[in-house]
Amino acid sequence: MTPDRFPLRVMSLHALFYCERLFYLEEVEEIRLADHAVYAGRRLHEQILPLDDESPEHRSIEIASETWGLTGKVDAVRKRDGKWIAYEHKRGRCMRGERNEVLAWPSDRIQVIAYAVLISECFKENVHEGRVRYHTDNVTAIVRIDEQAIDDLKLAIQRGRQLQETTMRPPVASNEKLCNRCSLAPVCLPEEERLGNQPIIDGCSKSDLEISDHGFNDDTDGSAGRIPKLFPSVRSKQTIHVCTPKARIGRSDQTLVIQSEDLSGKSVTQKIPIQEVDAVVIHGYGQITTQAIHLCSYHEVSVQWMSFGGTFVAGTAASPGRVQQRIRQYKALQDEQMQMRLARSLVHAKIEMQLRYLLRSTRGSKGNRESVQKEIECMRQALKGSTTAESCQSLLGFEGMAARAYFAAIPSVLSVSVPSELVPKGRSKHPPLDRFNALLSYGYSLLYGLVERTALSIGLEPSFGFYHRPRSSAPPLVLDVMELFRTNIWEIPLIGSVNRLQWHVNDDFTVTNQKVWLSDAGRRKALAIFEERLNEKHAHPHTGQSMTYSRLVELELRLLEKEWSGHPGLFAKLRLR
Ligand code: SF4
């Protein structure tokens, strides 16, 4: 082993034989996820094996070899008839040979061979046999440690080292069944790659110039059921928003204990197991104990603080190291062509969604449509321009042109029964000057927090983007990806709530001469609408898979990473139905 090389984990050879891409994701990109199968495997090793009556001489010993460049932890080492034998335990079933004989799977075989050679070196005695115990079948496969086995191990190590040197992810496994049992499927997104770059849904490949007044395609579930659903459709955990100033978040064992007050001032205590939490967002001056922060960090649950006014203040990074993953992002996003291509797709998607929304919400009302016809034309021009823009500066121009037209048209999509105080007077921010703008800004801040913690949780570096420039403390990548979700995650449900007269012009807002912001009651209402929207489903145009908006944010970030990980052209295909 050369000194600058880390030893390979024996487990990584197991992954290598399962799927080279799995090896690459785990060993090069340092992405490791535990799914139910992984937890079940850990339970087997922690709870079942210690009760195993075939008591070994050594159990769960860590061994390493500089000569082989390997390190690992073998389940058990036993002496039988005066000879050492390496044992591995597996939860599942064995492989069967032509005559139904018990065999070890190739990935298990290479793993036990590696342990056998490490034991040979460590104990200074030849080990001629390894055994793999399959607990579901209750059988043991014997693995001979002969010349062939040693050659196979050398080749495996060589291949592992080769893959460590490459910068591109290996292709997805040709055997789709492997992916169904792979813990990294939600990261790898194999089905998205297998679908190729052809969007399934016709409407989404249309350029805006083809978008007629009725022209958005509603057939977005058309492909449901055609592909395996390896990317989870719904969030399995909840985001905890803590809004009251006197709230205190503490810890009791593996549970977060939240003490707060309801709107009537009555004290309320909630206990939430950490496994059910994906993030804690503290709005205002609620307190969190160091013990609770430790618990969140250990479980990769991010903690974020927002001001009462809705400004993002700070957050803990719920992200493991993943240095290689970030280096690849840095390198890729330094390429100006890549930056421009991504920025063009992003701005095109954003303007197209705004335009579709405007067309949809004024459909069926001749008066409304006529009143925004000028804005619609302006947005169509901006959309057309965005497809050929050659610099970020010019893209910013088209984006700004579309945004001005879009926000100027918003009053036309509000119902006549909406109180005049809730009708926006243009777009104002820092500070918002009317109630509608206060609501817009608050929701954007919530979206910012969501995109930031999602990017961190999957190992992307938020500071390194492709469209926004690093001018403020806000990380450019977060600002970039937010553009894809402003309309569908916040503006649409917000306008819906305004049209349903859900807002009280006095109780839900605090108004001064200088600015408008949300009251405590207003914030709670906004949070409920935002969280409800995150749990609504939308079909992704590329895969056709219907999933919640919160999962769509994660999916788009993962597709963005694919732009520099061997499968470009999938990012920012998201559109409104
Ligand atoms: S999901 Fe499939 S292609 Fe991706 S790493 Fe797992 S087995 Fe390999």
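Analyst: Happy to. Let's begin with alanine 86, which is part of strand S4 (residues 83–90); strands here are DSSP runs of E with at least two residues, helices are runs of H or I with at least four, and both are numbered from the N terminus. This is a predicted model, where local features need pLDDT of at least 70, side-chain atom pairs count only at pLDDT 80 or more, and totals for chains, interfaces and linings use all residues. Residues are numbered from 1 along each chain as its sequence is written, and side-chain values use heavy atoms, with hydrogens and water left out.

User: Is alanine 86 buried or exposed?

Analyst: Alanine 86 is buried, because its relative accessible area is 0%. Buried means under 20% relative accessible area, exposed means over 50%, and partly exposed is in between, using a 1.4 Å probe and protein chains only.

User: Switching topic: where does the ligand sit?

Analyst: The ligand sits in the largest cavity. A cavity is a set of points, on a 1 Å grid over the protein atoms alone, where a 1.4 Å probe fits but cannot get out; a pocket is an open set with protein on both sides within 12 Å along at least five of seven lines, and lining residues have an atom within 4 Å of a point. "Sits in" means that more than half of the molecule's atoms lie within 2 Å of the grid points.

User: Which residues surround the ligand?

Analyst: They are Tyr18, Cys19, Leu22, Val172, Ala173, Cys179, Cys182, Ala185, Cys188 and Pro190, where near means having a heavy atom within 4 Å. By class, this shell has 10 nonpolar, no polar and no charged residues. Nonpolar covers Ala, Val, Leu, Ile, Met, Phe, Trp, Tyr, Cys and Pro; charged covers Asp, Glu, Lys and Arg; the others, Gly among them, are polar.

User: How much space lies in the largest cavity, and what lines it?

Analyst: About 90 Å³ of space lies in the largest cavity, a volume being the space filled by probe spheres set on the points, which are joined across faces, edges and corners. It has 13 lining residues, and Cys19, Ala173, Cys179, Cys182 and Cys188 are the closest to its centre. Helix H2, helix H6 (176–180) and helix H7 (185–188) each give two or more residues to the lining, with H2 giving the most, 3 residues. The lining has 12 nonpolar, no polar and 1 charged residues.

User: What about H2 itself, is it mostly covered or open?

Analyst: Helix H2 (residues 20–28) is mostly covered, with 8 of its 9 residues buried. After H2 comes glutamate 30, whose phi is positive, near 60°.

User: Where else does a positive phi turn up?

Analyst: Asparagine 138 has a positive phi of about 60° although it is not a glycine, and alanine 572 also has a positive phi, near 60°. Asparagine 138 is in the loop between strand S7 (129–134) and strand S8 (139–144), and it is exposed, with a relative accessible area of 54%. Alanine 572 lies in the segment after helix H20 (549–562) and is buried, at 3% relative accessible area.

User: Which residues does a cis peptide bond join?

Analyst: Histidine 430 and proline 431 are joined by a cis peptide bond, with omega about 5°. Proline 431 is in the loop between H15 and H16.

User: And what lines the second largest pocket?

Analyst: It is lined by 44 residues, and Arg427, Lys429, His430, Leu479 and Arg486 lie nearest its centre. H15 supplies the largest share of that lining, 8 residues. The lining divides into 21 nonpolar, 12 polar and 11 charged residues, and about 1400 Å³ of space lies in this pocket.

User: Last one: how many aromatic pairs are there?

Analyst: The structure holds 7 aromatic pairs. Rings of Phe, Tyr and Trp (its six-membered ring) pair if their centres lie within 6.5 Å; planes under 30 degrees apart count as stacked, over 60 as edge-to-face and the rest as tilted. Tyrosine 330 and phenylalanine 464 form an edge-to-face pair, 4.9 Å centre to centre with 85° between the planes. That pair links distant parts of the chain, 134 residues apart.
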